[in-house]
Amino acid sequence: MTGWEELVAAALLGTDRRPPGVDSLPGAVRERLDADADPARLLLDAAALSATYRRAGRPALRDLEPLPAAPADHRPAPRTGASRGLAGMLEGRHRTVLPEWLAVLTDRGWRAPPEHLPALADLARTRPELRELVSRAAGPRAAWLAAANPDWSFLAEHEHEPVDQPDDEVWLHGTPPQRRRWLTGTRRRDPDAAREALAASWPTESATDRADLLTLLAQGLSAADEEFLEAVLDDRARAVRFAAASLLQRLPGSAYQHRMTERVRGCLTVREHVLEVSLPPAFDESMRRDCLDPNPPRGTGERAWWLRQLVEAAPLASYELGPELLDLRVDGYDAGQLRAALATAVVREGSARWALALLEHGPLPVERIAKLVAVLPPADQAAAVAGLRKAGVRTAEQFTLVVSALPAPWPADLATAILDLLSQATIDDTWSKLASAAARATPYEVLTHPITGKPPGEEYTWHRRLIETLTFRRAMYEEL
Amino acid sequence: MTEDRWSAAQVLALAPDAAAARAGQGLASAAVWSATGTSGRAVWGRCQGSRATPYQVVAELDGPAYRCSCPSRKSPCKHVLGLLLLWSAGTVPPADEPDWLPEATAPRQRARTGELADPEAARQRAARRADRVAAGVIELDSWLTDQVRRGLSGLEQQGYTELGRLAARMVDAQAPGLAGSLRRAAATVGRGHGWPGDLLQELAMVHLATAAHARLDELPAPLAETVRSRIGRTVPTASVLTGGERLTDDWLVLGQVVEIDERLTARRLWLRGTTTGRPALVLSFAPAGQSLDAPAGAPGAVVPATLSFYPGAVPLRALVTPAEEAPSYGARWAAGTVTDALTGYAEALAADPWLERWPVLLGDVRPARYGDGWALVDAAGNGLPLSDGTDPWPLLSVGAGAGLTVAGEWNDRYGLRPMTCWDGDRAVVLP
């Protein structure tokens, strides 16, 4: 028992029953005690001296292993105002602006203030869309933080791999995220090598990995990939076959596209300004192999369902008339269904000509309208949005749905048009969602729109939120 | 006679319980008061409560003694606390004592208004106060030895209540410092299997204060001041400014710690003289929910100022008189090693064994895992553990393993609480 423990034991029992033993206390303590004192006082004196002796004598920790240091981040830290803006967003003010803030920060060559990286990483844990942005803002600290705290391991996944050192060991024995990174990087440098590596390991990959890795070939897709993809159409797993079909649909001049063109042309005949549609008579094995689905959803006829899939999957080049096809009267099939199916192909191919024509030809499901507008060149988007009522968009909600689907930032004309509209709108909840979308997507050059000069009002309305967010974003661009 | 006003913290320390403190803060608004005044000896006013007739409220500062016409049996009641908070904020005007004052404070024997400036009376009051404290301290000392004689195991059941009662008794005896120590001792009872050792350590330090108080006259003057302040005597601001040790330097603001509890918001601002190396502590208090005064400088600022130190064996606490020059940032100053920090701490403890926190400024320290937590290691391989209560990640992220300059509060039991670190020339305030 140490001297201190003896004191505690005596104090617990009471000095009446157990006199304090002070002999094993350090000499420096003992020599200051009055052994003839009352035992209780002696004990308290000894305890006070020992406690202070221990406190003052606490040694430094030894044999600690400091963590290795991250490589230095040579980017400068942003100005104080910008850091304050970030701190505010982390506390919840204007948090919708955070992705933009991070993008502007790194684009302009700043590093994130490192004290905020832990909070950013915690946020990115639950919001995967932030991960790459946070990782870029963290720079060399990303991998360090990922290693120091397993909760943030995702930060390392977005790390920029050194391009000149492909490590084939990673492809053979790495974790799934590492292998994805390897394949993405290799595909970027040498598309053929990436495909060949995938083909070589193909028999040993699980169905999930096959489907997952195959989608990475979308980058750098070329005719050289066709033979491999065509073979994959015979894969055991449905998800893998569908992944291959979706790539072949995008490969101009592929045999897959030819087969689809043949099929769709067999169903459409143009005669005297009338498009005559004859539904496919039967579902054959070759259609199944090309990932068409024989079984219609409830409420759709079997053959109408087959046609719809054909139109969705076939390349736009199948239609010799081009978008003028839409001017024809349709016989034998619902014209609206046909336009909706064509819209899928138009969005896939990103054809502005077709998109404009489809939007001019009237009612379509709102979700598809949104995607078609996104296909248009920025200069045409404002006009298209202005003409949306023609395309069947009637309510503020639908209007919002369309413009919110456009990638941010919006073209300047469009943003100006929307802010003009909102300047005149009544302050009720109808416009609140459109206002949130505009707050986020208004581009830098329109942040000075006259609406920001209006008094925001005392109440916490969408109008005030919009003005505050636009002002906050303007400050962000000035500070970063 | 001019009596220094008490701080809000001192007033709230008088509250018999948290509910009274809260209610008192609610009444610290000029709107509910009328006919307030202070003669330097007493503070009075009328408070419009729930009844038609306003309550007559008087606090005699000497004593202190309170009278209020409300039916509450708490003493001081919320009206007295509200009045004193109002006075502490400087919003009670000087005035002649009204006629009803003697009646309200009866049956206490009081000096008449005309005799207030009598130095003999002032001396007598001071002597009475000293007697009161001495009586309280003696009572506490004998209670302590009694407990140790009978065994601390007896405190396991009723210790928390018993120590709380004793703390309240010390407040009455104008020894709020001892009251605080006893409340801390109460918190250790039954907590974790090592509680007897923790309790013994707390009680032993209380005993050290009571034993030292018994022979105040024999102690060197600075140590006697330390003992008095541990017991709970506060030194008036004016006497610190006029009679305290003064030191002019460029003071680096090491950082700050703000603690918020249900009664009070308190801030410790730590400074260090860039040429003298002298550490200093500036305390600020505000009632809960109200904001603190602006600090002398932001962490990392170097503030040219004259500091007036409170007396004591380790004079740390100080008042700041800023010089005319503006604070500067990013200046170079020397940070120390872990050994420097521990040596400074040991020397300070040797002079003031009750010292709880010591400011340290460490240079070139790196993070290392230590048990379930973290430690900072200097270039010589010496380390200090971080306290459990701190979020280490902002600090770790700033350094990312590289050597950092870190300022913190050191306590051997709880570890290092980092306040500020430097990212290049930029001071980063840590949570």
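**Figure 1. Confidence along chain B of the predicted model.** Chain B has a mean pLDDT of 88, with 94% of its residues at 70 or more, in a model that is predicted throughout. Within chain B, the highest confidence belongs to strand β13 (residues 383–385), with a mean of 97, whereas the lowest is found in helix α4 (residues 100–105), with a mean of 60. Over residues 106–116 of chain B, pLDDT stays under 50, and for this stretch the model has 13 contacts beyond four places in sequence. For the complex, the predictor gives an ipTM of 0.74 and a pTM of 0.70.

**Figure 2. The β1–β2 hairpin of chain A.** Strand β1 (residues 268–271) of chain A and strand β2 (residues 274–277) of chain A run antiparallel and are joined by four bridges. R271(A) stands opposite V274(A) of β2(A), and two residues lie between the strands of this hairpin, where E272(A) in the turn has a positive phi of about 55°.

**Figure 3. The largest nonpolar core and the surroundings of L43(A).** The largest nonpolar core has 130 residues, and L43(A), L145(A) and L182(B) are those with the most contacts inside it. Helix α3 (residues 39–56) of chain A supplies the largest share of this core, ten residues. Leaving aside residues up to four places away in sequence, L43(A) touches L7(A), A10(A), A11(A), T15(A) and P20(A), together with V148(B) from the other chain.

Note on methods
Residues numbered from 1 in each chain as written. Chains lettered and ligands numbered in written order. Predicted model: local features only at pLDDT ≥ 70, side-chain atom pairs only at ≥ 80, totals over all residues. pLDDT = per-residue confidence, 0-100. Contact = placed C-beta atoms within 7 Å. Pairing = 2+ DSSP bridges. Core = buried A, V, L, I, M, F, W, Y, C linked by C-beta atoms within 7 Å. Buried ≥ 20, exposed ≤ 12 C-beta atoms within 10 Å, placed from the backbone.
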